[in-house]
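Here are my notes on the model you sent. Please read them with the structure open.

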Amino acid sequence: MTLYEMIYFMSNLFMAFVIFKYMHIFYSDCRIHPILEKCAYLLYFIIVTVIHCTTKIPFVVLLTNLIVLFLLTQLYIGSIKKAIFAVLTIYFSLTCIETLFVLLTTYGIPQPLSPVHYESEFGMAMIAMICYAFVRLIRGFKNVRCNIPLPKVYWLSLFIIPCATICMLYPLFIVSSISYFLVLIALISAFAVNLFTFYLYDRISALMQEQMRQRLEQEQHRFYENQVEIMVDALEKIKQIRHDLKNKLSPLLDLAQTGNIEALTKQIVSLMELCPNTQKYVQSGNLAIDSILNYKLHEAQQQNIAVTTKICIPKDLPLPTFDIAIILGNLLDNAKEATQNIKHGWIDCYLKYDKGRLLIEISNSYDGKLEKQGEKFLSRKANKENHGYGLKSITSTLQKYDGELQIWYDATRFVAKVLLYVPTENHSLQDDCNSLHHTTIENIL
């Protein structure tokens, strides 16, 4: 096997891996076992290589690539329209990169649908590297759109690693008497460095997402624990009041019958002390939302923040607890953070479900100071690297429900409005919600 053939096969094999990573940008759920999936891409490499070696007709090569790519999309769960879009995007974007690199490294413009004889071993290796960097770039943009934080060094590496690879390999290819074995080792090392570096970034990104998920689950558990404590405390107080009432009501009747008004008044005053004006927490009937609000409102009360809530939601809202915990928890945390250092601080919390739409509005006082970077709000906490992801998490969760987040503020008031589309075929939910229009819960702490 000549050096050209060896590099050609290695580049084609690496491009099969590039297409594998590119396909996973469009799809996440595979129909078959991961090992069989990888075998399918190995088969793709074999078919494309054989077709390219046995025929020099560009139209046949093009058609074969498109057909095999379309068959690969059938390994994943998705519609035909999505499959066609994925095939066209993958093939023509990578073809454009290859064509552009060929034009930059050769003389003359190739004729359409005519065989292209590209004989640069170095060029073939670099095309594979650049295509891989391009796919990583697209993957990075997708993560940013899904509000997955990526370090700046990730974006920098997309430029540095391919450039470093080119600088490392170029001297080997310009030497005419270079060892075949040395070129092979250098090429394998270059591909391995690219793969391993971005593999580490993938693992770090997955670890960050898992840590974020665990933190949210822990906070959700605290919501429920606090809700249980509130319910147990309320039951204990009711038992105590019932017990004390038995001992207090009997003397009242005697005092009333004897006309001893002064003693009766004292007894009534002491009786009222058994029923202090304790804080009332949210009691909408929706356990998930009640748990979150009660937990956060209790924290607000401890910080001497006045809170007003107005809740108009059905008992069985078809919304996952994890998602509502992300939205409500982050909004209330931001409101508390902005309000806790203000004298006479306040938070208003309004929730309403109507015709398949859930509206959440959290208003709070603040000191009029905001830190922004463009349209992005920044955390004012000292450790900014570990904070400031609340609004990102909310926005990412809202994408599941075609929802939106709107923010309005003036010198003293900050308002965050969230709209989610939560349709349901259960008409009784709408009836329950309509009934709540007349029994709206209003709690003032």
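1. Are H2 and H3 roughly parallel or antiparallel to each other? They pack at an angle of about 170 degrees, with their axes 10 Å apart. H2 and H3 are therefore roughly antiparallel. Angles over 145 degrees count as roughly antiparallel, under 35 as roughly parallel, 65 to 115 as roughly perpendicular and the rest as oblique. Axes are lines fitted to C-alpha atoms, for helices over the stretch in contact, and angles run from 0 to 180 degrees between N-to-C directions.

2. A word on the basis of these notes. This is a predicted model: local features need pLDDT of at least 70, side-chain atom pairs count only at pLDDT 80 or more, and totals for chains, interfaces and linings use all residues. Residues are numbered from 1 along each chain as its sequence is written, and side-chain values use heavy atoms, with hydrogens and water left out. Helices (H or I, at least four residues) and strands (E, at least two) are DSSP runs, numbered from the N terminus.

3. H2 contributes Ala-40, Tyr-41, Tyr-44, Ile-47, Val-48 and Ile-51. H3 contributes Val-61, Thr-64, Asn-65, Val-68, Leu-69 and Leu-72. Contact means heavy atoms within 4.5 Å. By class, this contact has ten nonpolar, two polar and no charged residues. Ala, Val, Leu, Ile, Met, Phe, Trp, Tyr, Cys and Pro count as nonpolar, Asp, Glu, Lys and Arg as charged, and the others, Gly among them, as polar.

4. The largest nonpolar core has 56 residues. Such a core is a set of buried Ala, Val, Leu, Ile, Met, Phe, Trp, Tyr and Cys residues joined through side-chain atoms within 4.5 Å. Buried means under 20% relative accessible area, exposed over 50%, and partly exposed in between (1.4 Å probe, protein chains only). Met-23, Tyr-44, Leu-69, Leu-72, Leu-94 and Leu-169 touch the most other members. H1 (3-26) supplies the largest share, 14 residues. Leu-72 touches Met-23, Ala-40, Tyr-41 and Tyr-44, leaving aside residues up to four places away in sequence. A second, separate core of 34 residues includes Ile-292, Ala-335, Leu-358 and Val-422.

5. How many salt bridges does a search of the whole structure find? It finds five. A salt bridge is a side-chain nitrogen of Lys or Arg within 4 Å of a carboxyl oxygen of Asp or Glu. Lys-336 pairs with Glu-299, the closest N and O atoms being 2.0 Å apart. Lys-336 lies in H10 (residues 321-339) and Glu-299 in H9 (residues 287-302), so the pair ties together parts 37 residues apart in sequence. Lys-336 is buried at 7% relative accessibility. Glu-299 is partly exposed at 23%.

6. Lys-336 has another partner, Asp-333 (3.7 Å, N to O). Both lie in H10, three residues apart, about one turn of the helix. Salt bridges that share partners join Lys-296, Glu-299, Asp-333 and Lys-336 into one network.

7. Lys-417 and Glu-361 also meet in a salt bridge (4.0 Å, N to O). Lys-417 is in strand E7 (residues 413-421) and Glu-361 in strand E3 (residues 357-365), 56 residues apart. Lys-417 is partly exposed, at 38%.

8. Please look at the backbone of two loop residues. Asn-304 has a positive phi of about 60 degrees although it is not a glycine. Asn-304 sits between H9 and strand E1 and is exposed at 69%. Asp-402 has a positive phi near 50 degrees. Asp-402 lies between H11 and strand E6 and is exposed at 63%.
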